[in-house]
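Here is a short briefing for a first look.

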Amino acid sequence: MKILHIGKYYPPFVGGVESITHFVIESLPDAKHTVVSFNRSAETVTESSGDIVIIRAGVSGTFASQPVSFRYFNEIRRVIRTVKPDIVHFHYPNPLGALYILLLRKKFKLVVHWHSDIIAQRFMSKFVRPIERRILDRADAIIVTSPGYKEFAFHSQLYRIKLTMIPCSINERSFELVDSDKAKVNVIRQRYGGKKIVLFLGRHVRYKGLRYLLEAEKLVKEDCVFLIGGDGPLTESLKREFVSERIHWLGQLSDHDRKLYYSASDIYAFPSVTRNEAFGVALLEAMYCGCPPVTFTIPRSGVNWVSINNHTGLEVENRNVVEYAYTLDRLLKDDELRARLADNARQRVRQFFIKDVVSRQYKDLYKRLSDE
């Protein structure tokens with residue numbers, strides 16, 4: 001089977017959608033995979049990784065979080081003409097990619113992987129919504145990642161017939177600690193004086209809600225440190241605004257270091273506030289490593305389905321900084337509660353979100369499409 005994956009970016013570019021694109025490819029090792037994504041520069045680059053061909057199309061700029069590239073269309077068209085994929089797996093949001101697919105005249109099975117609605121760029125809605133409807137009309141199958149999206153995001157009965165829910169997932173083997181890792185985890189803990197650690201990892205953009213966590217830090221009474229990983233357009237302004245001896249900025253972490261910091265930390269702060277955070281792959285990573293999360297309530301997002309309030313983590317009214325600080329204090333003080341949530345979190349990930357469990361669902365979908 002030949003599969004073309006079309007998305008915004010592909011690893012080593014970091015992001016939840018990118019990690020899931022890679023996971024889908026890992027789940028189907030017997031297929032021939034080609035990836036067309038955007039590059040972060042004007043240069044178009046073709047790479048090979050085993051049996052996977054990765055084409056990163058040069059971009060001329062970015063508009064409202066959408067990379068702009070005419071080369072992207074040319075590469076998609078060329079691959080479809082020369083490779084003749086049996087299935088095109090398209091990762092959304094990516095309105096320009098959707099438009100380009102609609103311009104193609106070739107016939108192929110189309111899977112639309114609906115990772116998230118477009119929330120922030122509301123002024124684009126009148127332009128984007130018709131494209132979204134047409135790409136969903138064109139799709140042979142639509143993947144959503146949580147029950148909330150399956151219930152509420154798609155009102156047309158035609159779309160509901162096409163829907164299948166496949167959650168995001170992790171390769172749990174990547175987060176297991178070997179003996180040398182355990183020593184490194186202890187080094188991290190000692191680096192911060194053995195104090196309890198509240199960890200944030202993610203892009204520093206508005207919907208990730210980092211500002212609310214940093215506001216909450218001012219109100220937390222327990223003796224602890226706040227470790228802030230990742231970076232983004234808000235990093236420098238947040239660093240200037242929030243200055244505290246308890247806040248430590250880590251920058252980008254490697255995949256290996258991520259698991260060390262998850263394992264060293266006592267609480268995973270996940271303060272995302274909008275449905276742009278449709279699922280939360282980092283939640284799975286932290287939960288598997290035994291780091292219970294504190295989240296905000298996000299209606300119709302998958303976040304509060306991934307981590308269940310009072311079972312695998314604690315949940316707080318959206319944007320309520322005072323309650324978020326109180327909840328962090330509560331969890332920092334209560335060792336027994338943290339241990340119970342951590343155990344439940346790890347078990348939930350093992351039951352529903354690890355590689356072997358979710359890979360079977362992709363294999364079943366692809367087999368069904370290829371048999372039709």
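A disulfide is a pair of cysteine sulfur atoms within 2.5 Å. The structure holds zero disulfides. This is a predicted model, where local features need pLDDT of at least 70, side-chain atom pairs count only at pLDDT 80 or more, and totals for chains, interfaces and linings use all residues. Residues are numbered from 1 along each chain as its sequence is written, and side-chain values use heavy atoms, with hydrogens and water left out.

**Cysteines**
- C168 is in no disulfide; its nearest cysteine sulfur, in C289, is 17 Å away.
- C168 is buried (under 20% relative accessible area, with a 1.4 Å probe and protein chains only), at 5%.
- The sulfur of C291 lies 8.1 Å from that of C289, its closest, so the two are too far apart for a bond.

**Nonpolar cores**
- A nonpolar core is a set of buried Ala, Val, Leu, Ile, Met, Phe, Trp, Tyr and Cys residues joined through side-chain atoms within 4.5 Å.
- The largest has 52 residues, of which Y262 and Y268 touch the most other members.
- Helix α11 (residues 281–288) gives this core its largest share, seven residues; helices are DSSP runs of H or I, at least four residues, numbered from the N terminus.
- A second, separate core of 39 residues includes I55 and F73.

**Helix pair**
- The axes (lines fitted to C-alpha atoms over the stretch in contact) of α1 (residues 16–27) and α15 (residues 355–371) come within 9 Å and cross at roughly 75°.
- That makes α1 roughly perpendicular to α15, a term for angles of 65 to 115 degrees, on a scale from 0 to 180 degrees between N-to-C directions.
- Contact means heavy atoms within 4.5 Å; here I20 and F23 of α1 are among the residues involved, as are V358 and Y362 of α15.

Note on methods. Buried < 20%, exposed > 50% of the residue type's maximum accessible area, 1.4 Å probe, protein only. Helix = DSSP H or I, 4+ residues; strand = E, 2+ residues; numbered from the N terminus. Parallel < 35°, antiparallel > 145°, perpendicular 65-115°, else oblique.
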